[in-house]
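This report is written for a reader who is meeting the structure for the first time. Please keep the sequence and the 3D view at hand while reading, and follow each part in turn.

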Amino acid sequence: MPDARRPEFTAEQLNEVRRLQALYPDKQGALLPVLRLAQEAFGYVSLEAEEYVAGLFEMSPAHVHEVVTFYTLFFQQPTGRHVVSVCHNLSCHLLGSKSIVEHLTRRLGVEVGETTADGRVTLLTVECLCACEQAPMMQVDDRYEGLLTPEKVDRILDGLS
Amino acid sequence: MAEKIFTRNFDRPNSHTLGVYRETGGYSALPKAFQMEPTAITEEVKKSNLRGLGGAAFPTGTKWSFIPKGGTAPKYLVINADEGEPGTFKDRFLLERDPHALIEGMIIAARAIDSHVGFVYIRGEYVRPWEIFSGAVKEAYDAGLLGRSIQGSGFDFDIVVHRGAGAYICGEETGLLSSLEGRKGWPKIKPPFPAIKGAFGQPTIVNNVETIAAVPHIINRGAEWFAGLGTKTQGGTRLYSVSGHVVKPGVVEAPVSVTLRSLIYDHCGGIRDGRRLKAVVPGGSSAPILTAEEIDVSMDADGLKAAGTMIGSAGVIVMDETVSIPEALMVVARFYAHESCGQCTPCRESTGWIYKMAHRIVEGKGRKEDLDTILDVAKRGAGTTICAFYDGAVGPYVSYIEKFREEFEALIPRDA
């Protein structure tokens, strides 16, 4: 993965930036999608990446920083190879999300918000992911995993690289 | 068995594809809509008594009629697929299982309001719904159902799929517009309403996924049919997301006049493990809670309003007798404290204070005055902020404490 501290898109990625910017009446509309692209390319959104993206939009780095810090899906620090986000909102709470979080912290040896020492998994708790019919549930990278039990959580963790 | 509209294809294999959608009559409303004058489409939707199914229950046709007629300035249709109200998941089902109903509805709505670009704002965490919906949009383009002169009608319409980045407040329509414009999702002061000055400063209609998915059916089968399915003031069936301690959680389609009791016991199999019902949140976490004795209510917007709560997003969260209401309040208060966007002082400060108080009560460290302080802080702030977020938080703060006060008091040490 390219160095997040010296971010620069490839020619292909820059074409994608221009395509995204052209979709909106004002190219600023493409800021969230381009930040997502930056995060995918560089692993997280560093201050340097914010400045780089600001340049692509001819806007101030302060504006980009304001946006990055507002949304939960932009990471300002490196994460593990996998991000496990356990829902702890009401429906999942009713069906035992607390014990799922406790199981994960024990099994991974980290607290919520931390990354395992081997850089494999970052553990988070999040607000409602709107899959309450599968409560308790969590998101593992792009996937939703529901009807969780400690055994199921173990199987999911075993499947992660 | 009541008629199924939204869910009619949910169990068919490949219901998300154009082929299956067409086999069951999909895109047959479109030629009809192209034969209708735009104002006639709006009138038909008005007569159907379709009301917004995202939360506010505003009459859809009336909303459309606020768009200024004529002029050369662009108008935008924005779909709110930023589903985030705790306890709600029906838009996820629609995006994954019936995406073409949304696309067809968007084309018809766009014709009604003279818009040629529609944005679909999908919450960032919804990766699979985004993939499936984007696939459906591509299919529609390839089949000439989107783009230039759709089906030779001379009507142009493009869809841009936009992904959010994690923020509940972007489900509030003006917060959503701020986010779509590449900013943090701060709600905007109204007026001007989006219909006058919305996305990128232009007249804009923001509608929920399910609301627009209803439109092809209304055009196909007529406003009277749709209105006849519901109550005097709200037409149709709708999707209820039911979760918590029921035997069969899931998305239930039922007429808007269904009772809460019927949803829980007839549609979802009653309470798990033979336990008793304690309380229900009827319309997403912002809706004031109902006790087990209060479930003989009609689940339409006005029925729940009369019962002192709200239908909101129709997310029904069922709690059995084992649930600690103070703990539930702490969970909900944590959510509002986390999601307050920070723009208005009463909301930014009160959501934090109330979470702290709810937390210490659950920890057994509450103070005698805490309950009255929460009620006081909650009620003072209501109605003082730019958007409805804080009013939504006040719903649970006040109702949980007022209806289950003894349970809270039991946790507060006597000498505190």
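This is a predicted model: local features need pLDDT of at least 70, side-chain atom pairs count only at pLDDT 80 or more; totals for chains, interfaces and linings use all residues.

The crossing in which H1(A) passes H2(A) is right-handed. On the side of H1(A), the residues that meet the partner helix are A:Gln13, A:Glu16, A:Val17 and A:Leu20, while H2(A) brings A:Pro33, A:Val34, A:Leu37 and A:Ala41.

Which residues of helix H4 (residues 61-70) of chain A are buried? They are A:Val64, A:Val67, A:Val68 and A:Phe70. When the helix is seen down its axis, the buried residues of H4(A) fall within an arc of 165°, so they line one face of the helix. As background, an α-helix has 3.6 residues a turn, so residues three or four places apart point the same way.

The face of H4(A) that is turned away from the buried side carries the exposed residues A:Ala62 and A:Thr69. Among the elements that cover the buried residues of H4(A) are helix H2 (31-42) and helix H3 (47-57) of chain A.

## Chain A as a whole

Chain A has seven helices and four strands, and read along the sequence these follow the pattern α-α-α-α-β-α-α-β-β-β-α. Taken along the principal axes, the C-alpha atoms of chain A fill a box of roughly 50 × 35 × 25 Å. Of the 161 residues in chain A, 37% are buried. Among the contacts in chain A between residues at least 6 apart in sequence, 57% join residues at least 24 apart.

## An enclosed strand in chain B

In chain B, six of the six residues of strand E1 (residues 76-81) are buried, so the strand is largely enclosed by the rest of the structure. Both faces of E1(B) are covered, with B:Tyr76, B:Val78 and B:Asn80 buried on one side and B:Leu77, B:Ile79 and B:Ala81 buried on the other.

E1(B) runs parallel to strand E2 (residues 117-122) of chain B, to which six bridges join it, and B:Val78 stands opposite B:Phe119 in E2(B). E1(B) also pairs in the parallel sense with strand E4 (residues 204-208) of chain B, over five bridges, and there B:Val78 stands opposite B:Val206.

## Where the two chains touch

How many residues of chain B are in contact with chain A? There are 41 of them, and they are in contact with 33 residues of chain A. The elements that give two or more residues to this side of chain B are strand E3 (158-163), helix H8 (173-180), strand E5 (237-244), strand E9 (315-320) and helix H14 (325-339). The largest share, six residues, comes from H14(B).

How values were computed:
Residues are numbered from 1 along each chain as its sequence is written. Chains are lettered from A and ligands numbered from 1 in the order in which they are written. A residue is buried if 20 or more other C-beta atoms lie within 10 Å of its own, exposed if 12 or fewer, and partly exposed in between; C-beta atoms are placed from the backbone. The arc is that of the directions from the helix axis to the C-beta atoms. Two residues are in contact if their C-beta atoms, placed from the backbone, lie within 7 Å. Two strands pair if DSSP finds at least two bridges between them. A crossing is left-handed if the near helix is turned anticlockwise from the far one by less than a right angle, and right-handed if clockwise.
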